[in-house]
Amino acid sequence: MDLALFDLDNTLLAGDSDYAWAQFLIGRGVLERDRYEARNDEFFRQYKAGTLDIREFLAFQLAPLARRPRADLDAWHRDFMREHVIPMILPKARALVARHRDAGDVCVILTSTNAFITAPIARELGVANLLATELELCDEGYTGRPAGTPCFREGKIERLDEWLASRGETLASYARSWFYSDSLNDLPLLERVTHPVAADPDDTLRAEALRRGWPVISLK
């Protein structure tokens, strides 16, 4: 078996599920537009520029989860999936995942977006293995804080290594490993796999991929 790793936002999706979730809550009146929209936009710009402070962002992004009952969150997420996420799933992305899955490859989504948002998306894509930023839980539900290492930049490598170790494996256990990503933030993991692929990359990753001779593809 080989290993196929996929970034999620702006790779398998034609958009960013983290950003879209905040905008969805603003649209529903759950979050105050004047207070949250500009801040959400600023964090998104920082992410694209490679300057995001992940801990600062998570404090902003996870706080609303701690203020609402889980039943409300789950109901909103069902609407979010139907109205926003399903339309963002790229047909070519579904085909790419299916091709690796049908070949018997171990498929994993690695995303900095938290597991509450992304677990249903991974299921929709037919990917059983999800490494996402995990959320701290209490008796009342979510605390609004991350649990463990955020799955971001070098944190993706740490989380992947931990997951592989739980299977008695390392990355070297696989003769071939792919990682598909659009983002300069994923350069650390792209450098680790045998088959790095820039999928609809940002300008920085595109330039780096061309310099290194990595494949550049489009799933759009």
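**View 1. The largest nonpolar core.** This core comprises 49 residues, and Phe6, Leu12 and Trp21 have the most contacts inside it. A nonpolar core is a set of buried Ala, Val, Leu, Ile, Met, Phe, Trp, Tyr and Cys residues joined through side-chain atoms within 4.5 Å; buried means under 20% relative accessible area (1.4 Å probe, protein chains only). A second, separate core of 22 residues includes Leu131, Ile157, Tyr174 and Leu190. The model is predicted, with local features needing pLDDT of at least 70 and side-chain atom pairs pLDDT 80 or more, while totals for chains, interfaces and linings use all residues. Residues are numbered from 1 along each chain as its sequence is written, and side-chain values use heavy atoms, without hydrogens and water.

**View 2. The largest cavity.** Its volume is about 190 Å³. A cavity is a set of points on a 1 Å grid over the protein atoms alone where a 1.4 Å probe fits but cannot get out, and lining residues have an atom within 4 Å of a point; the volume is the space filled by probe spheres set on the points, which are joined across faces, edges and corners. Among the 18 lining residues, Asp16, Asp18, Tyr47, Phe57 and Ser112 lie nearest the centre.

**View 3. The second largest cavity.** About 50 Å³ of space lies here. Trp21, Ala22, Leu25, Leu31, Tyr36, Phe60, Gln61 and Pro64 form the lining.

Note on methods:
Buried means under 20% relative accessible area, exposed over 50%, partly exposed in between (1.4 Å probe, protein chains only). On a 1 Å grid over the protein atoms alone, a cavity is a set of points where a 1.4 Å probe fits but cannot get out, and a pocket is an open set with protein on both sides within 12 Å along at least five of seven lines; lining residues have an atom within 4 Å of a point.
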